[in-house]
Amino acid sequence: MAFTVLALAVVAVSGAAAAWTTTFTMHNLCPYTVWPLVTPNAGQPAIVTGGATIRLDPNGLASLAFPAAAGWSGRVVPRTGCTGAATCATGDAPPATVAQVSVNAAGGLAEYSVSLVDGFNVPATITPHAFDGSQTCPVLGCAADINAACPADARVGAGCRASPQFFKEMCPEARTTATDVEATPQRCIHPAELKVVFCPTN
């Protein structure tokens, strides 16, 4: 069985020369296929061609790299059970896990989080790699299989839309409300890689 990796190269430019490069990588360790939808924030360019058709096979191996403008920010929604690019069993609408990333902002700051504000469908964490040891670059997100523990009255299809308190108890390093922050602070400057891992405990 192949292991699928999608890598997005994010290039920061200072003057006429490249100052640093951050690679944005997605790994699918789930026992099922994930169709990640990468969406830039307003005013940001798209960094992925193929959009809704990107497919990460379970435990697969492949890689693709895309350049992006300095200061790029956007979100990744893992979708499952997709029929081509048309409709998916989870991720097209809430409940859905959302990975949020901003790279190469002022001073090279990278900010990242996993949000359960819109519910949960796939475990996901974000891990920085190759950064200055003096930086605070923790692993953040939700590695727990919340679907397995989701209260019966909070189940929505193959996802979970439980209370923020329930999500926070299960995943203290994820964001569960619009004003929530992770238990561990972050201040990550110039990481060489930000890796989004689906089903990291697998």
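Modeller: Because the model is predicted, local features need pLDDT of at least 70 and side-chain atom pairs count only at pLDDT 80 or more, while totals for chains, interfaces and linings use all residues. Residues are numbered from 1 along each chain as its sequence is written, and side-chain values use heavy atoms, with hydrogens and water left out.

Biologist: Why is Ser102 called buried?

Modeller: Buried means under 20% relative accessible area, exposed means over 50%, and partly exposed is in between, with a 1.4 Å probe and protein chains only. Ser102 has 17% relative accessibility, so Ser102 counts as buried.

Biologist: Which residues is Ser102 in contact with, leaving aside its neighbours within four places in sequence?

Modeller: With contact taken as heavy atoms within 4.5 Å, Ser102 touches Trp72, Ser73, Leu109, Ala110 and Glu111 once those neighbours are set aside. Ser102 itself belongs to strand E5, which covers residues 98-102; helices (H or I, at least four residues) and strands (E, at least two) are DSSP runs, numbered from the N terminus.

Biologist: What makes E5 mostly covered?

Modeller: Of the 5 residues in E5, 4 are buried.

Biologist: What is the order of the strands in the open sheet, and which strands are at the edges?

Modeller: The sheet has 5 strands in the order E3-E4-E5-E6-E11, with antiparallel pairing. Strand E3 (35-40) and strand E11 (188-189) are the edge strands, as each pairs on one side only.

Biologist: Which residues touch the most other members of the largest nonpolar core?

Modeller: A nonpolar core is a set of buried Ala, Val, Leu, Ile, Met, Phe, Trp, Tyr and Cys residues joined through side-chain atoms within 4.5 Å. The largest such core has 24 residues, of which Met26, Tyr112, Ile126, Leu194 and Phe198 touch the most other members. Two or more residues of this core come from each of strand E2 (17-28), E5, strand E6 (109-115), strand E7 (124-129) and strand E12 (193-198). Apart from this core lies another, of 12 residues, including Phe120, Cys142, Cys160 and Ala174.

Biologist: Why is the pair of Phe166 and Phe167 called tilted?

Modeller: Rings of Phe, Tyr and Trp (its six-membered ring) pair if their centres lie within 6.5 Å; planes under 30 degrees apart count as stacked, over 60 as edge-to-face and the rest as tilted. A search of the whole structure finds 1 aromatic pair. The ring centres of Phe166 and Phe167 are 6.0 Å apart and their planes stand at 55°, so this pair is tilted. Both Phe166 and Phe167 are buried.

Biologist: How do you know that a disulfide joins Cys30 to Cys199?

Modeller: A disulfide is a pair of cysteine sulfur atoms within 2.5 Å, and the S to S distance of Cys30 and Cys199 is 2.0 Å, which meets this rule. Cys30 lies in the loop between E2 and E3 and Cys199 in the segment after E12, so the pair ties together parts that are 169 residues apart in sequence. The link is right-handed, with 90° about the S-S bond. Cys30 has 0% relative accessibility and therefore counts as buried, and Cys199 is buried as well, at 5%.

Biologist: How many disulfides are there by this rule, and what is the pairing?

Modeller: The count comes to 5 disulfides, and with the bonded cysteines numbered in sequence order the pairing is 1-10, 2-3, 4-9, 5-8, 6-7. Among them, Cys82 is joined to Cys88 with S to S 1.9 Å, and Cys137 to Cys188 with S to S 2.1 Å.

Definitions and conventions
Two strands pair if DSSP finds at least two bridges between them.
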